[in-house]
Amino acid sequence: MDKRYTVAVLVRNQFGVLNRVTSMFRRRQFNIDNLTVSETESPDYSRITVQFAGERVTKQQLVDQLYKLPDVCSIRELDNENAVSFELLLIKLKNDPASRGDIRAAADAFEAKTVDYTRDSIVLRVTADSRRIDDFIDLMRDYEILEICRTGVVSLERGADTIRKVTNL
Amino acid sequence: MNLTGAEIVVRALIEQGCRTVFGYPGGQVIHIYDALYEYQDELRHVLTAHEQGAAHAADGYARATGKPGVVIATSGPGATNLVTGIATAFLDSVPMVAITGNVMNAQIGTDSFQEIDITGITLPITKHNYFVGAVEDLADTIREAFRLAISGRPGPVLVDVPKDIQIARCDYAPQPPAIPAPPQAAKEVRIRDAAACINAAHRPFIYFGGGLASSGAQEELLALAEKIDAPIGCSMMGVSCIPTGHPRFLGMQGMHGHYACSTAMHRSDCIIALGARFNDRVTGDRTKFAKGAKIIHIDVDGSELSKNVPASHGMRGDLKLTLQKLVDYVEPARHPEWRQTIALYQSEEERNRDNRPGLTPRNAMQVLNRHLREDTPVATDVGQHQMWAAQTLCFRKPRRFLSSGGLGTMGFGMGAAIGAQMATGEHAVLVTGDGSFGMNLNELATAVTEGVPLVILLLNNGVLGMVRQWQTLFFDKHYSNTVLARQTDFVKLAEAFGAKAERADTLEVLDAALSRAFQYQGPYLIDCAIGQDEFVLPMLPPGGSMDDMITKVGG
């Protein structure tokens with residue numbers, strides 16, 4: 001049974017690290033849904049957040065293979081129980097007088113913010129968990145979508161624990 | 001002291017305990033070679049005929065000793081010629097440090113002459129690799145490379161040093177050799193669970209791979225086998241790790257493994273896998289593999305657990321330390337019925353044994369056995385001869401059978417044998433075939449120049465025998481491109497290189513030739529003609545299971 005997994009990976013902030021991680025995913029054919037990389041509280045580390053759907057053994061294999069990369073410092077598996085996760089969506093829609101009101105209503109329901117507005121287009125921004133963003137995009141398919149860009153998920157553990165407390169042996 | 005980067009490379013190698021390096025000079029390592037000239041009394045450089053040969057020699061050096069082998073190559077083609085050698089070491093978990101030159105930092109990324117992205121190319125075939133961007137990082141990077149190569153599951157590490165870094169100067173102070181990350185036993189509770197599983201077993205079977213020698217856990221394995229009354233088998237990478245003649249040892253398992261060993265593993269109810277990865281050549285069709293067995297898997301690399309075969313008890317940890325505890329936790333047991341069953345498998349194996357007289361591959365190996373001393377390193381190439389050697393040769397010490405298992409690299413043997421000879425100081429043996437030998441026979445030049453005492457036993461059948469065997473069995477004898485209609489006279493060829501050589505066409509001549517070869521302090525080739533339709537048996541057909549094992553062909 002496929003389940004969606006979110007894995008946060010603390011890596012050394014060095015040239016080429018992202019390539020090492022994605023190269024491993026590619027050669028072992030791990031199918032990644034999305035991946036984000038960002039700076040962290042320390043200039044020594046970057047944080048990669050990976051989401052993918054698969055079986056538990058596949059997830060375990062992915063984590064074990066990640067641990068073998070010397071640049072990987074720490075790994076944390078995150079889910080809705082133990083973490084807060086968000087993604088940001090930018091969606092550009094055709095600005096059509098006939099649909100403008102419906103779009104506005106849906107946007108309100110999803111707390112979407114209008115960040116660009118022209119005669120021909122509207123750009124909305126939504127910050128939510130990935131599932132809710134999927135739902136919003138699905139709703140918008142009733143109208144004319146011009147372009148979509150989403151960031152992929154970022155995720156932090158609830159409470160005072162941090163990823164740096166789990167270290168690579 | 002203030003040194004150039006090139007000197008730091010050489011000093012750091014010496015500091016790390018390296019006394020022999022293999023390599024080939026070129027434009028982007030010329031400064032390193034100048035430093036090698038300066039330090040030649042402390043660090044021996046062996047010039048090979050080709051960088052691939054140098055990589056295999058470093059690999060052979062490492063396999064024979066457990067210490068990292070070191071290879072140096074120039075940028076561009078020098079570096080790419082290392083690739084097969086590095087991949088061979090990677091797939092067999094052999095510690096290696098490869099040093100490559102590259103163009104100056106200022107020219108990187110401009111496709112300049114002999115520039116290649118070797119860190120990119122070797123990303124999937126190294127444990128890790130480094131591009132050195134500043135001379136201040138150079139010494140520590142080399143130290144880190146050594147540490148990584150020997151830590152946990154060993155493997156190759158590459159350090160790419162651009163030319164400007166070799167020229168730049170900085171302070172250098174020697175440091176002690178790198179110490180591997182401290183080995184750790186698996187978790188206590190897991191070991192106890194596994195022990196309970198073993199205690200409940202009626203047909204236990206111990207299966208080990210190359211990890212056994214890496215961890216040095218031979219004694220612990222034998223103690224476990226004794227206590228729980230289990231037979232022992234190994235993957236090809238395990239050959240020579242424990243003495244071939246040990247009464248519990250059933251030999252090699254897998255596609256061309258010993259019948260009794262493969263069958264016992266398949267019928268076992270509890271497989272204790274140690275430092276092995278259940279390669280497809282071991283399991284055959286995994287959905288049918290040892291269905292009745294619980295699998296206890298111990299490996300220093302956690303990603304091997306349940307990767308190929310689901311483990312009921314997977315434990316990440318050092319074999320030696322984990323086995324020490326496991327031996328304590330298991331109850332002494334006796335399994336007389338299981339022993340009887342295994343004795344039946346052994347007599348079945350005996351019945352199917354190829355007992356033809358004359359110069360058969362098996363008899364040739366038996367004759368070679370008479371000449372092997374307990375310290376003799378034997379390298380092979382890849383193909384039928386490799387399997388005959390793995391099945392038939394007798395070993396008494398670990399790290400004495402050197403063969404490319406994971407990658408299956410034809411052409412591995414010449415370099416590996418040279419490296420193993422230099423590492424051990426023992427008269428070495430290469431068992432090869434005419435196909436494999438043809439790939440890297442240029443290293444005869446190296447063996448002659450360096451006066452390497454090396455017996456090359458060439459099983460010459462004029463065909464690419466392993467592929468031909470498949471074509472015979474599964475491709476209606478369509479011998480597509482496996483008949484070598486070459487006119488190579490291997491005796492003359494060896495002599496042209498400056499080696500000694502002779503032909504052997506009977507077992508008696510072979511025996512006498514081997515005596516002469518072991519007397520000679522240099523490379524000595526014996527061209528031994530065998531039939532082109534000899535088979536490696538038994539054989540598990542591709543995609544088949546142990547139940548489909550072919551033990552006899554024709555009459």
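Let's start with a helix in chain B. In α1(B), the buried residues are G5(B), A6(B), E7(B), I8(B), V9(B), V10(B), A12(B), L13(B), I14(B) and E15(B). An α-helix has 3.6 residues a turn, so residues three or four places apart point the same way. Step just past α1(B) and you reach G17(B), with a positive phi of about 95°. One reminder before I go on: this is a predicted model.

Staying with backbone angles. Most residues other than glycine have a negative phi, and most peptide bonds are trans. Chain B has some exceptions to show you. Take D111(B): this residue is not a glycine, yet its phi is positive, about 55°. Find D111(B) in the loop between β5 (96-102) and α6 (118-121) of chain B. Is D111(B) buried or exposed? Its relative accessibility is 72%, so D111(B) counts as exposed.

Next, A290(B). Here too phi is positive, near 40°, in a residue other than glycine. A290(B) sits in the loop between α13 (280-283) and β13 (294-299) of chain B. With a relative accessibility of 3%, A290(B) counts as buried.

Then there is a peptide bond to look at. L537(B) and P538(B) are joined by a cis peptide bond, with omega about -5°. P538(B) belongs to the segment after β20 (523-529) of chain B.

L537(B) brings us to a pocket. Which residues lie nearest the centre of the second largest pocket? They are R353(B), D354(B), R362(B), Q391(B) and L537(B), out of a lining of 39 residues. The volume of this second largest pocket is about 1000 Å³. By type, its lining has 17 nonpolar, 12 polar and 10 charged residues. Several elements of chain B each give at least two residues to that lining: β11 (249-252), α12 (259-267), α15 (336-351), α16 (361-371) and α17 (384-392). By domain, at least three lining residues come from domain 2 (188-351) of chain B, and at least three from domain 3 (361-529) of chain B.

Now a residue that touches both chains. H128(B) lies in strand β6 of chain B, residues 128-131. At 4% relative accessibility, H128(B) is counted as buried. What does H128(B) contact, neighbours within four places in sequence aside? In chain A, the partners are R20(A), P70(A) and D71(A). In chain B, they are L148(B), P156(B), V157(B) and L158(B).

That leads over to chain A. Chain A has four helices and nine strands. Along the sequence, they run β-α-β-β-α-β-β-α-β-β-α-β-β. The C-alpha trace of chain A spans about 60 × 35 × 30 Å along its principal axes. Of the 169 residues in chain A, 41% are buried. Take the contacts in chain A between residues at least 6 apart in sequence: 75% of them join residues at least 24 apart.

Chain A splits into domain 1 (3-82 + 159-165) and domain 2 (84-154). Seven residues from domain 1 of chain A and five from domain 2 of chain A make the contact. The C-alpha centres of these two domains of chain A are 28 Å apart. Between them, domain 1 and domain 2 of chain A bury about 520 Å², with 49% of that on carbon and sulfur atoms.

That's my tour. Over to you for questions.

Notes
Residues numbered from 1 in each chain as written. Chains lettered and ligands numbered in written order. Predicted model: local features only at pLDDT ≥ 70, side-chain atom pairs only at ≥ 80, totals over all residues. Heavy atoms only, no water. Buried < 20%, exposed > 50% of the residue type's maximum accessible area, 1.4 Å probe, protein only. Contact = heavy atoms within 4.5 Å. 1 Å grid on protein atoms, 1.4 Å probe; cavity = no way out; pocket = protein on both sides within 12 Å on 5 of 7 lines; lining within 4 Å. Points joined across faces, edges and corners; volume = space filled by probe spheres on them. Nonpolar A, V, L, I, M, F, W, Y, C, P; charged D, E, K, R; others polar. Domains from an automatic or database assignment. Buried area = accessible area lost by both parts, 1.4 Å probe.
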